[in-house]
Structure formats: C-alpha cells, structure tokens
Amino acid sequence: MDWASTTGERQRAGALVRVQTRPSVLYARLFAALGDFAKGVEYILLFIAIVFAIIELLALFIGTKLTRSITSAVDQLYEATKHINRADFKHRITVQSTDQLATLANSFNSMTTSIQNLVQEQKEKQRLEGELAIAQEVQAQLYPKLITQLETLEVHGFCRPARTVSGDYYDFLALNSDRLMLAVGDISGKGISAALLMATIHSAVRAYSIEDVPVLREATVGGGSSGVGSGLLLASESRGADASPATLLALLNHQLYESTPAAKYATLFLGIYDGATRRLTYANGGHLSPILISEDGSSRLLDCGGTVVGLFDNVSFPEATVQLRPGDVLVTYTDGVTEPENDYDEFGEERLIQLVRENRHLPLERITEIVTAAVLDWIGENEQPDDVTLVLARAR
C-alpha cells in the first residue's frame, strides 16, 4: 500500500521475503527438525536410488544385448538373402539361440534346403525330359514312314501316345511285291519300359520276317524218355521268307519269355496279305480281335487267336485265313480306341464299327482322322488314359 500518496493505491512489490542460501544448508535445516528419523529417510532414499540404478544398468545391459542379438540376426538373414540371390542354396545360417529369431533362422535354413532340393529335382526332371524327347524321336523313327502300298491293298496306321513315348506298336513290312505283313501290338504297362519292349518287338518282327528264319523245335532238356523238362529251342534249320504268322508269334513269344521280366508281356496281331490270292493269313497273340467291314456294310470279328506273347513258354498259336474282296476294310486297333470312358459309358467297339462303316468309302487317312477325333471328343477334358493306335487296310 502506498501510504505516502493520497490515493492509497496498491502496488506489486515482489516477494514478501527473499532468502539466498545453499541447498545443503536448506537440506540440513529441513531434516534437522526430524532428528534420528531423518537418517532413516536418508537411507531409504539412498536404497531406492541404488535399486533404480541397478534396474537402469540391467535394462541397459539387456537392451544392448537384445539389440545386438536382433541386429546380428537381421544381418545374418540379409547375408543369407545375398547368397540366395547368387543361387548359392548351400548357405546355412548358424543358430545359437532358442528365441523367435532362431526359429526364423531355422525356417530360413529349411526354406533354402527345400529350394536346393527343388532345384536338384528340376535339373533331374529336365534331364529326364531331354532323354524322353530323344526316346520319343527315336521311337517315331520306328513307325513306318514310307508305306509300300500293294496293287490290291492300301494301308494306313496312326498312333497317338498317352505320354511322351508309347507302348503301342504297329508296322507294315513288304515281304515282296505281292506280300505285305501287318503287325499291331500293345505292350503291358506304360512309359519307358513299355517303349523299350515295343522297340524289341519291332526289331524282332522285322528280323524274323526276312529269310533264314530259325524254327522253334521241341527238344528234351535233361534227357529221359518221359520228356520231362522238354522245351522249345531255336534249331539251325530255316524256313525262309514263307514263315507263317503263327510261327513268328511262337518265335517272339519264346524270345520275350527268355529275355524279359515275368510281369512283362505284349498282345500282338500278325497278318500276311497275299496280293495274288487276296488272302490274309493271320495269328493273334491275345490282341483285340480285328474287325472286317465288307463293302455292303456288314461286319465280323477275326476272332481266331491265342494267349498273350511273352508270358508263357512252349505256346503255339492258331492261324486262320480270310478272303478279302474289293472294298473290304480291315480295322485293327488297341484298347486306347474303345476303352476310354466318360460320364455315359466307354467308347466301345460298336461305336468304332459304326464310324468306319459310315465312312468306309473315304480315304483311309480321313477315316483315321474321324475315328481319333471322335475318341478325343469322347474323352473330353479328361487326360487321355491310354495310347490310341488305329491301323486300317482296304482291299481294292
């Protein structure tokens, strides 16, 4: 209050009391009044300060260690990604802990192992695909390219493998200017093993169809008048180029039985057409019976035949002869033509006969296209279950 003036106004004059001292003196004055209790408070506060200091040091140590662990793990992962980027899939991260980062490192190691295995499998797959491509190219050369057509008989063959290579077999072999041999077969199984057996049969049929064909004769193995242990052996005699289809099947059966595993066998149809007499002499080793469609549209099965080739030894095969007239169409096929199924039923023999009958006057190539297209439509979007082979012959 300004008492000197007549107004008596109030004025701000700052602090009421101003003291200047050291903190230590203030501390001593404040706690001096507490006596011995002040010492206890001091110790308590000092203990709390020490505890907090220890906690801070532990936190600093743990934080530093955790930070180093995380940064080290991330750095190892980064270095590992650089190895992966260089296609070095053998690199592995060293795991020295059991935390989640170690789990991540183990997962990364597992991933690189899987990638390494996949790369190895891919290389192996590419190698096998290359070998299959070569096998496919070699097998394609086995099928007849330039077919000798007789004056009284025209022939055509087609094979569409279900896989890269086929286990089906067909061949045309001109024995002379008037005689032609037709062969159609189906090997048990699929893939490379079936293709190798197909090549064996192809070579054997052609070898046995030339001159100086050895004949199978019965011989006694082990002696004795009872004939126990008798079997078929190759004799040194020859029959030449007039070997019948039944003889050829017996030779092939003996060779396959001796040179292939017990589970391997083949079905095989062999026919020799004589243009001079217009007769087809044939033998069938367990193959689907060929169909003969006459000029008037009637059809019948050539059902003379025996068991499969290569499964049993000492087997003889029956033989039959059929007269072909101009316009007659012989249809020989494998089960890949008639056995494909869809939601309705299998393609079937009757549907095949009907297609060939309706188109029997068209070129054989066109008939083949119609039949194989119908089979493909019947299968639809499903995978082709078996090799499709169709061989047609028409007398003229």
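Trainee: Does Phe347 count as buried or exposed?

Mentor: In this predicted model, the relative accessibility of Phe347 comes to 2%. Since a residue is called buried under 20%, Phe347 counts as buried.

Trainee: And Trp378, at 17% relative accessibility: what does that residue count as?

Mentor: The cut-off for the term is under 20% relative accessible area. Because Trp378 has a value of 17%, this residue also falls in the class called buried.

Trainee: What kind of pair do the rings of Phe347 and Trp378 make?

Mentor: The centres of the two rings are 6.0 Å apart, with the planes at 85 degrees. Planes over 60 degrees apart fall into one class, so the pair of Phe347 and Trp378 is edge-to-face.

Trainee: How many residues apart in sequence are the parts that this pair ties together?

Mentor: Phe347 belongs to the loop between helix 6 (335–338) and helix 7 (349–358), while Trp378 belongs to helix 8 (residues 364–379). The pair therefore ties together parts of the chain whose separation in sequence is 31 residues.

Trainee: Which residue has its charged end over the ring of Trp378?

Mentor: The charged end in question is placed 4.2 Å from the centre of the Trp378 ring.

Trainee: What is the pair formed by Phe269 and Tyr282, given planes at 35 degrees?

Mentor: This is one of four aromatic pairs in the structure, and the ring centres of Phe269 and Tyr282 are 5.7 Å apart. Phe269 is in strand 6 (residues 266–274) and Tyr282 in strand 7 (residues 279–285), 13 residues apart, and both residues are buried. Stacked needs planes under 30 degrees apart and edge-to-face over 60, so with planes at 35 degrees the pair is tilted.

Trainee: Which helix gives the most to the lining of the largest pocket?

Mentor: The largest pocket holds about 230 Å³ of space, and among its 13 lining residues the closest to its centre are Ser69, Ser72, Gln76, Gln96 and Ser97. Two elements give two or more residues to this lining, helix 2 (36–85) and helix 3 (100–142). The most, four residues, comes from helix 2.

Methods: Residues numbered from 1 in each chain as written. Predicted model: local features only at pLDDT ≥ 70, side-chain atom pairs only at ≥ 80, totals over all residues. Heavy atoms only, no water. Phe/Tyr/Trp six-rings, centres within 6.5 Å; stacked < 30°, edge-to-face > 60°. Buried < 20%, exposed > 50% of the residue type's maximum accessible area, 1.4 Å probe, protein only. Lys NZ or Arg CZ within 6 Å of the ring centre and 35° of its normal. 1 Å grid on protein atoms, 1.4 Å probe; cavity = no way out; pocket = protein on both sides within 12 Å on 5 of 7 lines; lining within 4 Å. Points joined across faces, edges and corners; volume = space filled by probe spheres on them.
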